[in-house]
Amino acid sequence: MSDLTPQSETPTSTTDKITQAARETIYLCNFRVSVDGEWLCLRELNDISLTPDPEPAHEDPKDPIAIERLNLMNMAKLSIKGLIESALNLGRTLDSDYAPLQQFFVVMEHCLKHGLKTKKTFLGQNKSFWGALELVEKLTPEAGEITASVKDLPGLKTPLGRGRAWLRLALMQKKLSDYMKTIINRKDLLSEFYEPNALMMEEEGAVIAGLLVGLNVIDANLCMKGEDLDSQVGVIDFSMYLKDGGHSSKSAEGDGQITAILDQKNYVEELNRHLSTSVNALQAKVDALEKSNTKLTEELAVANNRIITLQEDVERVKEESSYHLESRKALRSDSAADGQVLGETRKQLKEETLLRLDVEKELEVQIGMKQEMELSMKMLEKDICEKQDALVELRQQLDDLRTINQQLSHKSQSADASSKQKSEVIARLEEKINQMSGTVKQLETSEKHLVKQARNLNSAAGKLLQLQQ
């Protein structure tokens, strides 16, 4: 936007930072998302040394970029596995409204956006993975049909929309895995679009390409006519991958149930805090955009006033020019004695003409600046609308997580009650054991007395036998 208004006093650096930050993906950089079985788990970086996840040995476990790649790879695993299982259970062709399929495309879009290099254009900085996808046509000629179909689709105006359409067509043709492997194997070409530590340049990209092979068992029929792929907000819905409490209720040990429920509760609370922070950050960005919009409106009003002033000056110059022309015609009818006055008049007319040209040029510049400001305001309004949509969706996810948190609290309370009941039963059993131990001791004492009496009787009987003999 700074390229559009080079002469204005708009805080272009702040606006560029806000616009750039709005296009970036929010990752859980302080936490690690890992796949525990088939569910989503969250581990803090400080705990990684205690329970490390399997990862390449050369990566720093606290490197935010490496954690972003690992998080995206795990999200891709969950998304692909959930999509395959739900599609097989559904037993029919998938359409565009199928929620797991929509989340799969959102996750793939985040994977392709990770580590993209920023390219400066006339409208500002731009990040798009469409350029990388166009490489498939050069490496695999049969992919040219998809690229041509995407370019012929009506309504696609941005590279982001064309990239989304390309992913959908490749999935329908069951060639998405093959095409991804093709471009990942040519890192020398991908280096033009991605940073060296991007997901597509590391081994996580090859893992995701291998996982995409499983999607060949899915039949999808996606209608992209009339679908607004340019302005969709791609937000990952973590609530779809949260662990279900019904699995833990089937466990045989009560202590294991309580531990699983508490761990899940802590994870939901942590994710809840993260989403709250994201909502606050987006709200701050929206406020900053509104302030920038207000300042641009004020500058536009000042520019309009300046244009009106310049137009008045032009009219005044025209009137003076016409007056001088009439004066020159009148002077021509005078005698040669007035030749000196005529020369001065011509000189003044030439100066006025030059002044008029300068004023007209300045007027054209001001009109151009006004048009650029109007275009910038439209772009800001569009960005504000996108941020508000993302804000609404994040708030909805926050409400869902709060509901899940309440359910987990109820389950935790019920588990505590069952634990107390078991403790009472154990106490009663210990009391009975103590009673039985006392009874056993009494029986042993009585047995000793009986043995002693039997010995005495035997000795007495022996003595009697000796006396009888």
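Reader: Let us begin with a cysteine: why is Cys-111 called buried?

Author: This is a predicted model, and in it Cys-111 has a relative accessibility of 2%.

Reader: How many disulfides does the model have?

Author: The count comes to 0 disulfides, where the rule asks for a pair of cysteine sulfur atoms within 2.5 Å. Since a disulfide is a covalent bond between the sulfur atoms of two cysteines, such a pair is what one looks for.

Reader: What span does helix α6 reach, and what span is expected?

Author: Helix α6 runs over residues 159-172, and from its first C-alpha to its last it reaches 20 Å, close to the 20 Å expected for its 14 residues at 1.5 Å a residue. Just after α6, Lys-174 takes a positive phi of about 60°.

Reader: What makes α6 mostly covered?

Author: Of the 14 residues in α6, 10 are buried, among them Gly-161, Arg-164, Trp-166, Arg-168 and Leu-171. The buried residues of the helix pack against α3 (99-113), α4 (130-139), α5 (144-152) and α7 (176-184), where contact means heavy atoms within 4.5 Å.

Reader: Which residues touch the most other members of the largest nonpolar core?

Author: That core has 74 residues, and those touching the most other members are Leu-101, Phe-104, Trp-166, Met-180, Tyr-194, Met-200 and Leu-215. Helix α2 (residues 64-90) gives the largest share of this core, with 10 residues. A second, separate core has 8 residues, including Leu-296, Met-369, Met-373 and Leu-380.

Reader: What does Tyr-194 touch, once residues up to four places away in sequence are not counted?

Author: Among the residues that Tyr-194 touches are Leu-112, His-114, Phe-129, Ala-132 and Met-200.

Reader: How much of the whole chain is buried?

Author: Buried residues make up 37% of the 469 residues in the protein chain, which has 12 helices and 4 strands. The chain exposes about 27,500 Å², of which carbon and sulfur atoms supply 52%. Among contacts with a separation of 6 or more, 75% are between residues 24 or more positions apart.

Terms used
Residues are numbered from 1 along each chain as its sequence is written. This is a predicted model: local features need pLDDT of at least 70, side-chain atom pairs count only at pLDDT 80 or more; totals for chains, interfaces and linings use all residues. Side-chain values use heavy atoms; hydrogens and water are left out. Helices (H or I, at least four residues) and strands (E, at least two) are DSSP runs, numbered from the N terminus. The expected span of a helix is 1.5 Å times one less than its number of residues. Buried means under 20% relative accessible area, exposed over 50%, partly exposed in between (1.4 Å probe, protein chains only). A nonpolar core is a set of buried Ala, Val, Leu, Ile, Met, Phe, Trp, Tyr and Cys residues joined through side-chain atoms within 4.5 Å. Accessible areas come from the Shrake-Rupley method with a 1.4 Å probe; for residues, only the protein chains shown count as cover.
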